[in-house]
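Please look over the sequence and the three-dimensional model shown here before reading on. The report after it is meant to be read with both in view.

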Amino acid sequence: MKNIVINESYLRKLHGTYTKQVDEIDLMYGKVYPYGSLPDSTVDITKQFKLRLGGKGFTEAEDLTGAIDVVRAGLANRLKGARVELNNLEHGIKFLLADSDAVEQTSTLSAEQFEYFMPKAGG
């Protein structure tokens with residue numbers, strides 16, 4: 001069985017991963033991407049897509065447009081929620097590391113003194 005080790009270097013690596021993921025979401029969320037050959041043909045995950053699927057009253061196209069928008073809105077909400085969660089984790093680790101560093105700086109016990117207060121097995 002492999003042990004799980006969570007130490008300072010692991011937390012710093014995890015913090016960097018979360019920071020990168022938040023930055024990547026920020027780069028694409030709400031950004032307007034061009035598509036197609038018409039000048040006003042753009043895609044923004046946070047807004048309903050402008051689709052040209054036939055004229056008014058073409059119910060199949062209207063149904064398809066609605067279904068696509070449900071998926072788009074769900075994806076946009078998931079990205080927004082993931083960004084919030086990742087940001088919370090990023091800041092939590094940041095403050096945990098800062099608090100840990102502060103405690104290490106104020107501690108007056110040496111490693112030997114600290115070990116003196118720890119219970120010994122079998123004794």
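The structure is a predicted model, in which local features need pLDDT of at least 70 and side-chain atom pairs count only at pLDDT 80 or more, while totals for chains, interfaces and linings use all residues. Residues are numbered from 1 along each chain as its sequence is written, and side-chain values use heavy atoms, with hydrogens and water left out.

Helix α1 covers residues 8-28 and helix α2 covers residues 59-106, and the two pack at an angle of about 150° with their axes 9 Å apart. Because of that angle, α1 is roughly antiparallel to α2, a term used for angles over 145 degrees. Axes here are lines fitted to C-alpha atoms, for helices over the stretch in contact, and angles run from 0 to 180 degrees between N-to-C directions. Helices (H or I, at least four residues) and strands (E, at least two) are DSSP runs, numbered from the N terminus.

On the α1 side, the residues that meet α2 include Leu11, Tyr18, Val22 and Ile25, and on the α2 side the partners include Leu86, Ile93 and Leu97; contact means heavy atoms within 4.5 Å. By class, this contact has 13 nonpolar, four polar and seven charged residues, where Ala, Val, Leu, Ile, Met, Phe, Trp, Tyr, Cys and Pro count as nonpolar, Asp, Glu, Lys and Arg as charged, and the others, Gly among them, as polar.

The largest nonpolar core is made up of seven residues, namely Leu11, Tyr18, Val22, Ile25, Leu86, Ile93 and Leu97. Such a core is a set of buried Ala, Val, Leu, Ile, Met, Phe, Trp, Tyr and Cys residues joined through side-chain atoms within 4.5 Å. Each of α1 and α2 supplies at least two residues of this core, and the largest share, four residues, comes from α1. Isoleucine 25 touches Leu79, Ala82, Arg83 and Leu86, not counting residues up to four places away in sequence.

| Residue | Relative accessible area | Class |
|---|---|---|
| Serine 41 | 5% | buried |
| Valine 70 | 60% | exposed |
| Alanine 102 | 40% | partly exposed |

Serine 41 sits in the loop between β1 (33-34) and β2 (42-43), and, not counting residues up to four places away in sequence, serine 41 touches Tyr33, Pro34, Tyr35 and Arg52. Glutamine 48 lies in the loop between β2 and α2; leaving aside its neighbours within four places in sequence, glutamine 48 is in contact with Thr65, Asp69 and Arg72. Valine 70, found in helix α2, is 22 residues from glutamine 48 in sequence and 9.3 Å away in space, C-alpha to C-alpha.

How values were computed:
Angles under 35 degrees count as roughly parallel, over 145 as roughly antiparallel, 65 to 115 as roughly perpendicular and the rest as oblique. Buried means under 20% relative accessible area, exposed over 50%, partly exposed in between (1.4 Å probe, protein chains only).
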